[in-house]
Amino acid sequence: MSKSNGLCSLKVSITGHYSLGVLFRHLDESYRKFLYKGGYLSYLVTKKEAETVVFDAVRDGQDANIVNVVNAYGPSPAGPQSYNRLFLAAAAGHVPVVVDAQVAWVLATDVARAHLLAYEKGQPGKRYVASGEVATFPRVLNEFNRLWGVSPEIEVLPRGSDIPRDRLW
């Protein structure tokens, strides 16, 4: 927090995720239903609303920016959540099949660094992306299994496939 001319100002850097929200109108109906059912759409809507608040605050003079994070994995204060949970389930043999979807990945410690850089050097009203390598789910999960010294090889379905209900983990 800094003071200038007797006024307090707070520099802010938040995590945002808007990309899927932008694409939502282009998704097929089955995927939209998946997003509604899983509550993920509400998550996207609240992220978008938070970004709108930040950009409005910047227009009002607030020193703030946004860090968009892709699929993060690694050390987490919340423990084995999200992709960490998926990796551990794959290593235990509980993920028999995945779709050959390609996404961007980023290590959680790199996300922390990205936030610090955005906070220390970022420009007000700018959006920064914390991203690492782009790789498919099967490539990442099979590599995780190899590094952990376990053998469950995961079956790969072509992009755009649905995982049969009896094979969901």
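Which residues does Pro158 touch, not counting residues up to four places away in sequence? Pro158 touches Val99 and Asp100, where contact stands for heavy atoms within 4.5 Å. This proline lies in the segment after strand 10 (155-157), and the C-alpha atoms of Pro158 and Val98, 60 residues apart along the chain, are separated by 8.9 Å. Pro158 is exposed, with a relative accessible area of 56%; here buried means under 20% relative accessible area, exposed over 50%, and partly exposed in between, with a 1.4 Å probe and protein chains only.

The model is predicted, so that local features need pLDDT of at least 70 and side-chain atom pairs count only at pLDDT 80 or more, while totals for chains, interfaces and linings use all residues. Residues are numbered from 1 along each chain as its sequence is written, and side-chain values use heavy atoms, with hydrogens and water left out.

The protein chain has six helices and 10 strands, which are DSSP runs numbered from the N terminus (helices H or I, at least four residues; strands E, at least two). Buried residues make up 33% of the 169 residues in the chain. Among contacts between residues at least 6 apart in sequence, 77% join residues at least 24 apart. The accessible surface of the chain comes to about 11000 Å², of which 57% belongs to carbon and sulfur atoms; such areas come from the Shrake-Rupley method with a 1.4 Å probe, and for residues only the protein chains shown count as cover.

In soluble globular proteins, nonpolar side chains tend to be buried together. A nonpolar core is taken here as a set of buried Ala, Val, Leu, Ile, Met, Phe, Trp, Tyr and Cys residues joined through side-chain atoms within 4.5 Å. The largest such core has 16 residues, of which Phe87, Trp105, Phe137 and Leu141 touch the most other members. Helix 4 (82-91), strand 7 (102-107) and helix 6 are the elements that give two or more residues to this core, and its largest share, six residues, comes from helix 4. Apart from this core lies another, of seven residues, among them Val69, Val106, Val111 and Ala118. Val111 lies in helix 5 (residues 108-121) and is buried, with a relative accessible area of 12%. Leaving aside neighbours within four places in sequence, Val111 is in contact with Val69, Ala72, Val106 and Ala130; the C-alpha atoms of Val111 and Ala72, 39 residues apart along the chain, are separated by 7.6 Å.

How many aromatic pairs does a search of the whole structure find? The search finds eight, where rings of Phe, Tyr and Trp (its six-membered ring) pair if their centres lie within 6.5 Å, and planes under 30 degrees apart count as stacked, over 60 as edge-to-face and the rest as tilted. Tyr83 and Phe137 form a tilted pair, 6.0 Å centre to centre with 45° between the planes. Because Tyr83 lies in helix 4 and Phe137 in helix 6, this pair ties together parts that are 54 residues apart in sequence. Phe137 counts as buried at 15% relative accessibility. The rings of Phe87 and Trp105 also form a tilted pair, with centres 5.9 Å apart and planes at 40°; Phe87 is in helix 4 and Trp105 in strand 7, 18 residues apart. Phe87 counts as buried at 5% relative accessibility, and Trp105 is buried with a relative accessible area of 5%. Ring pairs link Tyr73, Tyr83, Phe87, Trp105, Phe137, Phe144 and Trp148 into a cluster.

Trp148 is placed in helix 6 (residues 137-148) and is exposed, with a relative accessible area of 52%.

Side chains of opposite charge can pair when their charged atoms come close. A salt bridge is counted when a side-chain nitrogen of Lys or Arg is within 4 Å of a carboxyl oxygen of Asp or Glu, and the count comes to five. In one of them the side chains of Arg127 and Glu51 meet at 2.8 Å, N to O. Arg127 lies in strand 8 (residues 127-130) and Glu51 in helix 3 (residues 40-59), so this pair ties together parts that are 76 residues apart in sequence. Arg127 counts as partly exposed at 36% relative accessibility, whereas Glu51 counts as buried at 1%.
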